Amino acid sequence: MKYIRSISIFCSIVMSVHGWASKLPEERELTTNCSNMSLRKIPPDLAPATTTLDLSYNLLFQLQSSDFRSVAKLKVMILCHNRIQELDIKTFEFNKELKYLDLSYNRLKTVTWYSLKGLRHLDLSFNDFDTMPICEEMGNMSHLEILGLSGAKIQKSDFQKIAYLHLNTVFLGLRTLSHYEEGSLPILNTTKLHIVLPMNTNFWVILRDGLKTSKILEMTNIDGKSQFASHEMQQNLILESSKTYFLLLNKVDLLWDDLLLIFQFVWHTSVEYFQIQHVTFGGTVYLDHNSFNYSNTAMRTIKLEHVHFRIFYIPQELIYLLFTKMDIENLTISDAQMPHMLFPRYPTRFRYLNFANNILTDDLFKPVQLLHLKTLILKGNKLETFSLVSCFASNTSLEHLDLSQNLLQHENDENCFWPETLITMNLSFNKFADSVFRCLPRSIQILDLNNNKIQTVPKEIIHLNSLQELNLAFNFLTDLPGCSHFRRLSILNIEMNLILSPSLDFFQSCQEIKILNAGRNPFRCTCELRDFIQLEKYSEGMMVGWSDSYICEYPLNLKGTRLKDVYIPELSCNTALLIVTIVVIMLVLGVAMTFCCRHFDLPWYLRMLSQWTQTWYRVRKTTQEQLKRSVQFHVFISYSEHDSAWVRHELIPNLKKKDGSVLICLHEGNFDPSKTDTEHILNCIEKSYKSIFVLSPNFVQSEWCHYEPYFTQHNLFHETSDYGILILLEPIPLYCIPARYPKLKALMEKKVYLEWPKDRRKCGLFWANLRAAINVNLLKTREMCELQTFPELNEEFRGSAISLIRTDCL
């Protein structure tokens, strides 16, 4: 209760200071909260700039004149729920700007008055005054709007002192009431009167006077121990000159006869809106319900909320008909555990019926004549058959229907009949499946179907061309519904379903959607979702809850990622674009390859790189076992005399190393007459790791005759052999090769040779390839460099010789 009271105080402050706080926007407002600190004295160190001071819920029992001298700018003072017994209003004489003063729930018995002309809110309720604490000075508070009072005695003379004040609200919080002088309350000039009665108080006279006092009357704590239903009271149920149009009775505990007499009494007053909340009744019935006089009333609305029954002996039908026979526009009986409701057989003028939070069943839907009914609220009951509701509504002019929190469902074979006036339906928290869409009124504009069992919106349904707002949240939909049946749909709520990715039909048919709430679904962030992600970028805030409520659930590598952070490229989703891109790339690559082949001789480079790679691989596989043969040289070079210049100036300088570790055997000098020229050549080939043959037309005509038989016999250039290296120094047409050299012709056809490039820029790769072929460590090397020459044997081999040369001696 303490915290509820604090909330009430805060709301009162807001209402009270709203009118004047806005006048000083340039001043800084400072709030000092000293509540719930068990204070016995006012803190001496209050900030001078304090405008709101809260000292509630402490142990203060006395206020000194100097306590608030330092806070001259104080506007709001809260001193409720303390132990203050005496008060001198002059204590606040230095607080000229004080507008709100709350001293409720203290122990005040006396008040010494001092005029605070700027005060707007003064609350002295729930204190221990013997009489109302009102004096002449209070009558001069012309700005006072809200006044709270208390006292054990209420007399006319007390209220006469403030009769000329035009008050907005008077609150009488009474701890005890020993005497009330009839006619006291009507002296007050107030718009609203709220009276909290002590228990066991006879409220009859107070109720009569209250109805003569203000337009709005609220009374709290009305119980049945007042013997209200006495014979005298029954004879005096007519009240003249009443002012009240809104009457609220709160916390009512009466016998049924007492409650019935209150209805009869209020029925013939000026009250138009009668509300009773937190009411408990029961007991034996003595009054005749059929004698209730329904004539001569201004009543338009009756509202009963939070009704509890004690044991009583009365047919329920009499209670139901008592209310439905009242010829009023609005009737509410909610949270009353009411199992049934009856209506008279004749037409009634009900426009609003609210039977929410009861235990009504399908038995409610009997033929009735509610021709003027516009709003029907049946939420929180036990209704089950949707088609029965439609039949019940078909005889009305219903516009708004609330059937939420029931057990409703619809079968496909049941027919539905709705009035053409129905525009709003709340069917949430029921058991509806997909078939509910076959039992909806064509005129519906706002439809709420959240928290049902809907899995899909059927395509074979009636066209709801008037539907503008649809709520399908918390269902089992796996796709966004299309709008082919809802052409005017502008608001769609489909959050918390099972939607993985929206269908193409949604984007094509739902062009009128202005607000879409599709958050908290298990989205699958693939190509199908790309258009949905793009929708928010171009819709300017159409998606409610974007982007925190839109999270990827699949695939697992994107789980937990917000949709706005997911990038799905167009290329990966558009098959036609992907094919076009691949074709374009291949065309570009083809053109680039053609250009490189024509202008940069790319095939030659590729061939050389391939040969270098193969050579490097073979050299790495060369084992010492392969070198145990009598290999004395890295390379043997055979060439024609016409090509000697190229061998001397190009080949040898690019093969040798700086450390002179490459051994080269080549033609030059004299031959040993004891051996033939061919024997010497073959001997050099056997002693060399590699053999290089510099091919040219001259070499073919003069030198190749020595090798063709040997190559044929020993198959030196077979597919897996790499002992011989052919260098094509000059192009040799195949028709220039004699027929007696089939081995050479075969090698030329297979292009088993290195071609000497004419472009000097290609020479680097050529030499690298050639050096890689002879890059091997010999088991034995020569200790000295010597030149061996062999004498010329005959005229045919003139100009040819074999020399063994170490490159560091050349």
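**Aromatic pairs**

I started with the rings and found that the structure holds 25 aromatic pairs. A pair here means rings of Phe, Tyr or Trp (its six-membered ring) with centres within 6.5 Å; planes under 30 degrees apart count as stacked, over 60 as edge-to-face, the rest as tilted. I looked up Phe386 and Trp418 next: their pair is tilted, at 5.3 Å centre to centre and 50° between the planes. This pair links distant parts of the chain, 32 residues apart, with Phe386 in helix 7 and Trp418 in the loop between strand 20 and strand 21. Helices (H or I, at least four residues) and strands (E, at least two) are DSSP runs, numbered from the N terminus.

The model is predicted: local features need pLDDT of at least 70, side-chain atom pairs count only at pLDDT 80 or more, and totals for chains, interfaces and linings use all residues. Residues are numbered from 1 along each chain as its sequence is written, and side-chain values use heavy atoms, with hydrogens and water left out.

Phe386 is buried at a relative accessible area of 0%, and Trp418 is buried at 13%. Buried means under 20% relative accessible area, exposed over 50%, partly exposed in between (1.4 Å probe, protein chains only).

I then took Trp646 and Trp767, a stacked pair at 6.2 Å centre to centre with 25° between the planes. Trp646 lies in helix 14 (residues 644-655) and Trp767 in helix 19 (residues 763-773), so the pair ties together parts 121 residues apart in sequence. Both Trp646 and Trp767 are buried.

I also noted one aromatic cluster, formed by Phe523, Phe532, Trp546 and Tyr550.

**Helix 7**

I went back to the helix that holds Phe386. Six of the eight residues of helix 7 (residues 386-393) are buried, so the rest of the structure largely encloses this helix. I listed the buried ones: Phe386, Ser387, Val389, Ser390, Phe392 and Ala393. They pack against strand 19 (375-377), strand 20 (400-402) and strand 21 (424-426). Contact means heavy atoms within 4.5 Å.

**Asn471**

I found Asn471 in strand 23 (residues 469-471). Asn471 is buried, with a relative accessible area of 15%. Its side chain makes polar contacts with the side chains of Asp448 (3.3 Å) and Asn493 (3.4 Å). A polar contact is a pair of N or O atoms within 3.5 Å; within protein, one must be able to donate a hydrogen and the other to accept it, and residues adjacent in sequence count only if both atoms are side-chain atoms. Leaving out residues up to four places away in sequence, Asn471 touches Leu447, Asp448, Leu449, Asn450 and Asn493.
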